[in-house]
Amino acid sequence: MNYKEALFFIGKCLTISYEEHNKIAIQELIKTNTIDWESIVKVSTKHYIFPALYCNLKRADLLHYLPNDLVEYMKHITDLNRERNLEIIEQAKEINELLLANNITPIFLKGTGNLLEELYDDLAERMVGDIDFIVSEENFTKSVEILKKNGYLRTETGLINPVISKHYPRMYHETKIAAVEVHIRMLREGLSQYFNYNSIHSTISKHNSCYVLSNQNKLVLTILANQFNDFGYYYKKFSLRNSYDAYLLTVKKSATIQNHQHQKIRHLINNYLSLSAYIFNSKKIACKEGFKEKLFKKIVLTKLKNSFFRKAYNNILKSWLYLYLKTKGAIRFMTNTGFRNYYLKKKLGA
């Protein structure tokens, strides 16, 4: 079983709680005893959806077809992740209470926000790295200082300039399970002016005493975090974890992006939803599929199938991005006094 076959198998497995045709197809495939479970474990682990795979197979009552040692391992990892997520939820609530007591309202993002809203049937499904939240620009520095006074430390040293970063450097607490990222922005420059704290604040909702994004804005951030912030659109790559979140948001929460104001945001999201629908073999994901969406999907699938094309494409793009970012940095150095002072201090070790 190659990478592409494993990917598509896992994609279908992630939808079997909602897509009967995929449940039937997966059941028939498993019965053949031809599944390379080692490949499935590797790919699902790489995409951070190993517990979600287990939870979906369990809900569909398909675990008895799997090797016993694999089921035991999957259960063990999922149980550990459930325990971790319970601690993350409690840590997020503590941070929330701490900041609210200082008249600051944090809005929790990404996986933590989804856990607080109870997006998943089993909270063990989502693997979460950091606790991400955003605050208003005027409360950004104050939020960081409050966390520092309560035992949070930076994970790295060096200069800090929130003008050129989305968030303060990761912070950790010696007695807490997760690192924390305090965001001043959700997106890199280019789209942050269209999707930011001011644009999302009026539609936030409250769950478990904490504030999270609206379902539509969750969908936007879930996809753009991968496609824009991590250059997924340029590299023509995707994340099954982000795709699964987007799937649940569209299927369970009826989230759409039809009314989003910015054309590039709609384009990036339609690309991603179109690809996700194909990999998940799902008709429940509503999205527009025009020429650009089909082209995006075709390039992604070609990269999955052809390793030579994938390496050549990635190498060319890496060189282009390097030149682009260097040029952009040079222009900013010449035109932005704040950035120029920051850069010179960093180079001089100040």
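Predicted model: local features only at pLDDT ≥ 70, side-chain atom pairs only at ≥ 80, totals over all residues.
Ser17 sits in the loop between H1 and helix H2 (20–31). Then draw a distance from the C-alpha of Ser17 to the C-alpha of His201; the two residues are 184 apart in sequence and 33 Å apart in space.

**Helices H4 and H5**

Select residues 50–59, helix H4, together with residues 68–100, helix H5. Their axes come within 9 Å and cross at roughly 115°. The crossing of H4 and H5 is left-handed. Which residues of H4 and H5 meet? On the H4 side, show Phe50, Pro51, Leu53, Tyr54, Cys55 and Leu57. On the H5 side, show Val71, Tyr73, Met74, Lys75, Ile77, Thr78 and Asn81. Coloured by class, this contact of H4 with H5 has ten nonpolar residues, two polar and one charged.

**Helix H14**

Gly329 is placed in helix H14. With a relative accessibility of 23%, Gly329 counts as partly exposed.

**The largest pocket**

Rolling a probe the size of a water molecule over the atoms shows where empty space is left. The largest pocket holds about 1000 Å³ of space. Of the 40 residues that line the largest pocket, select the ones closest to its centre: Asn226, Asp230, Phe238, Ser239 and Asn242. Colour the elements that give two or more residues to this lining: helix H1 (3–13), helix H6 (110–117), strand E5 (180–183), H9, helix H11 (240–252), helix H13 (291–305) and helix H14 (307–335). Which element gives the most to the lining of the largest pocket? H9 does, with five residues. By class, the lining of the largest pocket divides into eleven nonpolar, 14 polar and 15 charged residues.

**The largest cavity**

How many cavities of 30 Å³ or more does the structure hold? The structure holds one. The largest cavity has about 30 Å³ of space. To find the largest cavity, select its lining: Lys110, Asn114, Leu213, Lys218, Leu221 and Thr222. H6 and H9 are the elements that give two or more residues to this lining. H9 gives the most to the lining of the largest cavity, with three residues. The lining of the largest cavity divides into two nonpolar, two polar and two charged residues.

**Phe228 in H9**

Last, select Phe228, which lies in helix H9 (residues 215–229). Phe228 counts as buried, because its relative accessibility is 3% and buried means under 20%. What is Phe228 in contact with, leaving aside its neighbours within four places in sequence? Show Leu187, Arg188, Glu189, Gly190 and Leu191, then Ile223, Tyr234, Lys264 and Leu268; Phe228 is in contact with each of these. For one distance in this group, take Gly190: its C-alpha atom and that of Phe228 are separated by 9.4 Å, and the two residues are 38 apart along the chain.

Technical notes. Residues numbered from 1 in each chain as written. Heavy atoms only, no water. Helix = DSSP H or I, 4+ residues; strand = E, 2+ residues; numbered from the N terminus. Buried < 20%, exposed > 50% of the residue type's maximum accessible area, 1.4 Å probe, protein only. Contact = heavy atoms within 4.5 Å. 1 Å grid on protein atoms, 1.4 Å probe; cavity = no way out; pocket = protein on both sides within 12 Å on 5 of 7 lines; lining within 4 Å. Points joined across faces, edges and corners; volume = space filled by probe spheres on them. Nonpolar A, V, L, I, M, F, W, Y, C, P; charged D, E, K, R; others polar. Axes fitted to C-alpha atoms, helices over the stretch in contact; angles between N-to-C directions. Left-handed = near helix turned anticlockwise from the far one by under 90°.
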